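Let's take a friendly walk through a protein fold, one piece at a time. Have a look at the structure before reading on.

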Amino acid sequence: MFKVPSLFSAASVLGLALLLFFYKNPSPAHQNMAEETPKSLYDFTVKDIQGNDVSLSTYSGKVLLIVNVASKCGLTHSNYKELNTLYDKYKDQGFEILAFPCNQFAGQEPGSNEEIQQTVCTMFKAEFPVFDKVEVNGKEAEPLYKFLKSQKGGIFGDAIKWNFTKFLVDKNGKVVSRYAPTTSPLKIEKDIQALLGAA
């Protein structure tokens with residue numbers, strides 16, 4: 001004799017049907033989240049040190065060196081000196097340095113954006129772009145840095161270990177190398193030359 005399904009089994013069937021429906025037909029919110037997931041460096045917009053929005057697509061076709069900087073670190077003077085040398089040498093060949101001040105490491109970038117800009121321009125004579133002060137680790141990390149770390153992890157995990165960690169990006173926006181804070185910028189020169197010479 002035919003039996004009417006129990007309430008439990010009917011509810012189970014209904015639940016399964018709903019799961020299948022939503023799996024095949026994701027809500028607009030979920031679709032938007034999938035669409036908004038950055039797939040390229042050029043999908044990001046960051047703020048410069050004056051607070052203006054800058055799309056990184058502006059740098060499409062250029063070789064980039066992205067560095068988290070600090071003004072009061074033991075590595076500061078040597079890194080800025082060598083970064084300036086690289087920038088002067090290759091800026092007209094399609095090379096750009098993007099500097100992101102960060103105060104997460106022993107509070108070595110404590111100033112306001114205005115103070116940082118004054119220091120960078122006056123004391124270190126830097127001419128490359130300097131951006132808004134950001135966090136590079138933790139929940140409040142700048143989305144760009146979450147992306148960079150996901151593309152190239154460090155030896156002891158993805159987290160940025162200290163000031164002056166460097167990411168080298170090719171002309172297509174692909175993160176190709178990551179360098180430790182203690183790596184001299186001039187030791188990266190051959191890698192920069194290779195990317196500049198690549199078709």
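## The sheet and its neighbours

An open sheet is built from 4 strands in the order 4-3-5-6, with mixed pairing. Strands here are DSSP runs of E with at least two residues, helices are runs of H or I with at least four, and both are numbered from the N terminus. Two strands pair if DSSP finds at least two bridges between them. Strand 4 (95-101) and strand 6 (175-179) have a single partner strand each and stand at the edges, so one side of each lacks a neighbour in the sheet. From one strand to the next, the twist averages 20°.

This is a predicted model, in which local features need pLDDT of at least 70 and side-chain atom pairs count only at pLDDT 80 or more, while totals for chains, interfaces and linings use all residues. Residues are numbered from 1 along each chain as its sequence is written, and side-chain values use heavy atoms, leaving out hydrogens and water.

How do strand 3 and strand 5 run, parallel or antiparallel? Strand 3 (residues 63-69) and strand 5 (residues 166-169) run antiparallel and are joined by 4 bridges. Leu64 has Val169 of strand 5 as its bridge partner.

Helix 6 (residues 189-197) lies across strand 3, strand 4, strand 5 and strand 6, at about 20° to strand 5. Such angles run from 0 to 180 degrees between N-to-C directions, with axes fitted to C-alpha atoms, for helices over the stretch in contact.

Buried means under 20% relative accessible area, exposed means over 50%, and partly exposed lies in between (1.4 Å probe, protein chains only). Contact means heavy atoms within 4.5 Å.

| Helix | Buried residues | Packing partners |
| Helix 5 (residues 143-151) | Leu144, Tyr145, Phe147, Leu148 and Lys149 | strand 1 (45-47), strand 3, strand 4, strand 5 and strand 6 |

Helix 3 has 15 residues and should span 21 Å at 1.5 Å a residue, which agrees with its end C-alpha atoms being 21 Å apart. The expected span is 1.5 Å times one less than the number of residues.

## The whole chain

The chain has 6 helices and 6 strands, following the pattern α-α-β-β-β-α-β-α-α-β-β-α along the sequence. Of its 199 residues, 41% are buried. Among contacts with a separation of 6 or more, 68% come from residues 24 or more positions apart.
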